[in-house]
Amino acid sequence: RNMTVLSSSYSSSHRAQVAEYRRHAYLTNGWNKCRRWGGRTTTLETAGITGPSGVTGSWTPAPTTASGACTPGFHQFRYRYMDSRTGYVSNPSEERELEVVSGSQQLTFAVNTSGAGNIIRSTDSKVDRIILEMTVAGSSDWFQAAEGLNSASTLVASISDAALEVSY
């Protein structure tokens, strides 16, 4: 009964389909955006998460460094958003190459609401985590290097290439 009321905002020319996943009902009709319902409200919300900008030059990180475990060499970095209630992650940000200089390092990335040098916090209410991903030196394979709250002020990557490849 509630799904009938909730689906009234969808195009009536297209038959709606409902599926359940992790205690949420998902509604799609092949025409409108996919929506989800948690069963506790009287409205649907858009499913999915809008990711960070992928536009060239939108992210120019300059992390601070300290002694740590990152393997020296050139690594690619990117980040994405996560809704930990459903496990859904967004598309990634622009990829940026950074060099870990000789001697192992820890890289601390600033997180804020704006600024090209920062990881940008999501404004989507479903997002509660930020995932920082990196490649091993000289590779194109991506791994999760760090994870933090969307409200965090920094994300720290301090993981060796050997540990990075087996941790995720």
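Below are legends for a handful of close-up views of this predicted model.

Residues are numbered from 1 along each chain as its sequence is written. Local features need pLDDT of at least 70 and side-chain atom pairs count only at pLDDT 80 or more, while totals for chains, interfaces and linings use all residues; side-chain values use heavy atoms, with hydrogens and water left out.

**View 1. The whole chain, with its confidence.**
The protein chain holds two helices and 13 strands (DSSP runs, numbered from the N terminus: helices are H or I with at least four residues, strands are E with at least two). Its C-alpha trace spans about 65 × 35 × 25 Å along the principal axes. The radius of gyration is 19 Å, whereas a compact globule of 168 residues would come in near 15 Å (taken over C-alpha atoms; the globule rule is 2.2 Å times the number of residues to the power 0.38). Mean pLDDT, the predictor's confidence in each residue from 0 to 100, is 87 for the chain, and 90% of the residues score at least 70. Helix α1 (residues 2-6) has the lowest confidence, with a mean of 53, and strand β11 (residues 129-135) the highest, at 97.

**View 2. The open sheet of β1 to β4.**
Four strands line up in the order β1-β2-β3-β4, with antiparallel pairing (two strands pair if DSSP finds at least two bridges between them). At the edges sit β1 (17-21) and β4 (45-46), each pairing on one side only. Five bridges tie β1 to β2 (residues 24-28), and A19 has Y26 of β2 as its bridge partner.

**View 3. Inside the largest nonpolar core.**
This core has 24 residues, and F77, F109, I119, L132 and M134 touch the most other members (a nonpolar core is a set of buried Ala, Val, Leu, Ile, Met, Phe, Trp, Tyr and Cys residues joined through side-chain atoms within 4.5 Å). At least two residues each come from β6 (73-83), β8 (96-100), β9 (105-112), β11, β12 (142-149) and β13 (154-157). Leaving aside neighbours within four places in sequence, M134 is in contact (heavy atoms within 4.5 Å) with residues including F77, W142, F143 and L164. C70 is another of the M134 contacts, and C70 is buried at a relative accessible area of 0%.

**View 4. T65 on β5.**
T65 lies in strand β5 (residues 64-70) and is partly exposed, with a relative accessible area of 48%. Not counting residues up to four places away in sequence, T65 touches Q105, Q106 and L107. The C-alpha atoms of T65 and F109 are separated by 9.2 Å, though the two residues are 44 apart along the chain.

**View 5. C34, and no disulfides.**
C34 is partly exposed, at 31% relative accessible area. The structure holds zero disulfides (a disulfide is a pair of cysteine sulfur atoms within 2.5 Å).

Definitions and conventions
Buried means under 20% relative accessible area, exposed over 50%, partly exposed in between (1.4 Å probe, protein chains only).
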